[in-house]
Amino acid sequence: MSFLLPLIGFILTIAVVVTIHEGGHCVMAKLMGVKVLRFSLGMGPVIWRRQIGETEYCLSLFPVGGYVKMLGEGDPDAPVPPQERHRAFEAVARWRRGLIIFAGPAINFVLAFVLYAAIGAIGTPDLATVMGNPPAKTQAAAADIREGDRLVEIDGERVNGMLEVSLVLMNKVGNPDIRMMFVREGTPVIRHFSLAGETMDTLAEKPAFAVLGLFPHQKDPMVSGTVPDSPAAKAGLQAGDRILSINGVEMTSVGQVIEAIKASTAGAEMRVASIQSPDSVRSVTVIPEMKDGRPMIGVSVAAIPEFVKVRLSPLDAVAAGYRKVERITMLQIKGVGQMATGEASTKNLSGPIAIADMAGSAVQSGVVPFIEFIALISVALGFMNLLPIPMLDGGQLVVLAIEGLRRKDFSPKTRENIMKTGIFLMLLIFVFAMNNDLTRLFA
């Protein structure tokens, strides 16, 4: 079952984004007067087909892509009836061919925009932007951010949840001055932060808000696990116990519990009040031990973060959908740029295994998270196809532009060499992505 969910999620995601992508090519080709011979979802041997008008619609065996076959495209030796030559892809004006090529990626961005706008109107759960006590020696601690401060703006942009905060901050990578507005007991508080020196690599390992020390407030600290034969286990603390107080001091966050344990003394009794059910409060005595020069009791602590449902008016949802597509696109541009200049490595490239794993998690999380995942992959597919790599839509657009400047088409041999270069580059990217997937899988 753990294998089926990622597979189902992957197939559904690819089916939606590829159908939309190839549908963009197909519809625009028909609008531009080009005859579409075949529309296929999937690659390889055809397992189902149906002729509708002059176009054959197919399902092919391997659900990893799709294609649109147009009259006279890709096979110069294929005979084109004289009466239909004007409807061949290569026969129409270059600007028409350009629109046909561009329509695929463009419709992916449109799909993502529509889905993100719909999600904004429906409403989606997110972590509240209420801050907890920041860890020592972080920018948030130095800026005197306090528990209960609510983050409301980043460089003038309104933020409604921590996922939005993360996306906005990732687009600020390298920025030495990021202005943030918090609300503290009804009063606006302005603070400045820096992500100078950070790269996409560092933020792939740790969220941008965590790099700055801006952790969301977590209430009701509880025991998530104990180490066997540890002081906590011997005292009777169990997973699920809610920690009410330590040595008479009320505990309202994970940070408070950690600081209380750090402040304890090895061998000295520590009174921990905990609750297992609404009507059962008990106190246990824990005697900390020294390990690696610091007191420990052998307990892991978790907490319940504060959630909000981010729901926008229809007009605000449309604006938010546009902003989200823009931010994700700019993030991808920045990532590719840093990889090209060597500032970031290729280790963040994801292949089909990673995408399938994320799809499975999205399916498990519910309808809205899965729709949001489809929107994300749609943006990624649209962006990737616009890269100036031969064989991709972006590469074909570059070739068309160069031919337009030359006022002459490349020879079949030159086009073949360009295509071979594109295939080599795509295989290289695929190898890097699969290597990253397998490394993560077996790490």
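Let me start with Met180, which in this predicted model, once its neighbours within four places in sequence are left aside, is in contact with Leu151, Glu153, Ile154, Leu169, Val189, Ile190, Arg191, Phe193, Leu212 and Leu214. Several of those names come back when we turn to the nonpolar cores. The largest core has 55 residues, and the members that touch the most others are Ile154, Leu169, Phe182, Phe193, Leu214 and Met180 itself. The largest share of this core, 8 residues, is supplied by helix 11. There is also a second, separate core of 14 residues, with Ile246, Met251, Ile261 and Val272 among them.

As background, nonpolar side chains in soluble globular proteins tend to be buried together.

Next, helix 11. Spanning residues 367–385, helix 11 has 19 residues and reaches 27 Å from its first C-alpha to its last, which is close to the 27 Å expected at 1.5 Å a residue.

In one of them, Phe39 and Tyr57 are tilted, at 5.9 Å centre to centre and with 45° between the planes. Because Phe39 belongs to strand 1 (residues 36–52) and Tyr57 to strand 2 (residues 55–70), this pair ties together parts that are 18 residues apart in sequence. Are the two partners buried or exposed? Phe39 counts as buried, at 12% relative accessibility, whereas Tyr57, at 24%, counts as partly exposed.

Phe182 and Phe193 also form a tilted pair, with 6.4 Å centre to centre and 55° between the planes. Here Phe182 sits in strand 6 (residues 178–184) and Phe193 in strand 7 (residues 187–193), so the pair ties together parts that are 11 residues apart in sequence. Phe182 is buried, with a relative accessible area of 0%, and Phe193 is buried as well, with a value of 1%.

Notes: Residues numbered from 1 in each chain as written. Predicted model: local features only at pLDDT ≥ 70, side-chain atom pairs only at ≥ 80, totals over all residues. Heavy atoms only, no water. Helix = DSSP H or I, 4+ residues; strand = E, 2+ residues; numbered from the N terminus. Expected span 1.5 Å × (residues − 1). Core = buried A, V, L, I, M, F, W, Y, C linked by side-chain atoms within 4.5 Å. Buried < 20%, exposed > 50% of the residue type's maximum accessible area, 1.4 Å probe, protein only. Contact = heavy atoms within 4.5 Å. Phe/Tyr/Trp six-rings, centres within 6.5 Å; stacked < 30°, edge-to-face > 60°.
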